[in-house]
Amino acid sequence: MTTSASVPAGPGAAISADGTVTDRLVEANGQYAAAFTDPGMDARPVLEVAVVACMDARLDLHAALGLELGDCHTIRNAGGVVTDDVIRSLTISQRALGTRSVVLIHHTGCGLESLTEEFRHELEMEVGQRPAWAVEAFRDVDQDVRQSMQRVRTSPFLLHTDQVRGFVFDVKTGLLREIDPA
């Protein structure tokens, strides 16, 4: 599989000669759309599962989990943190679109392990406004997965909290390691 990572790096390497990265993405979409056929799928995930994961570009969730288009809902953010917005998405996923299971995936070498809430203070000093959101930085990835599982399991908005499992994806080996919620 060819990825952007296999393209020679350097200033402007991801930018086409006559445009921006976004132009490159739009061009790629045109090629995709030319061969696209409507798969006739419903918005309901076939496997009735929602996956919450980090936005890290090294995580190819569909490949790592053996998923196909239409199998799951995928919710991603920095750290794979279960925030109010993730609960919002999970609530819609369960109540309106039929998911029953939740899989949480954090990973080794996450950028949130090197940040602190001081990041918010620095932003406030730079832009003159303190962000309303928390950074949700952590030092122990296993404990953060446990906290995320607990947030899902105790949400009053979710119908199905009995099938919540958490994992750490190893970015060096590609393997998942399940985290005991205890």
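1. Glu-136 counts as buried, at 18% relative accessibility; buried here means under 20% relative accessible area, exposed means over 50%, and partly exposed lies in between, using a 1.4 Å probe and protein chains only. Please keep in mind that this is a predicted model, where local features need pLDDT of at least 70, side-chain atom pairs count only at pLDDT 80 or more, and totals for chains, interfaces and linings use all residues. Residues are numbered from 1 along each chain as its sequence is written, and side-chain values use heavy atoms, leaving out hydrogens and water.

2. What does the side chain of Glu-136 meet in a salt bridge? The partner is Arg-151, at 3.3 Å from N to O; a salt bridge is a side-chain nitrogen of Lys or Arg within 4 Å of a carboxyl oxygen of Asp or Glu. Glu-136 lies in the loop between helix H4 (118–127) and helix H5 (141–153), and Arg-151 is in helix H5, 15 residues apart. Helices (H or I, at least four residues) and strands (E, at least two) are DSSP runs, numbered from the N terminus. Arg-151 is partly exposed, at 29% relative accessibility.

3. Helix H5 also holds Asp-142, 35 residues apart from Arg-177 in strand E5 (residues 176–179). Asp-142 is buried at 17%, while Arg-177 is partly exposed at 40%.

4. Now look at Glu-178 and Arg-165, whose salt bridge spans 2.7 Å, N to O. This pair links strand E5 with strand E4 (residues 164–169). Glu-178 is partly exposed at 42%, and Arg-165 is partly exposed at 45%.

5. For the overall picture, the whole structure has 7 salt bridges.
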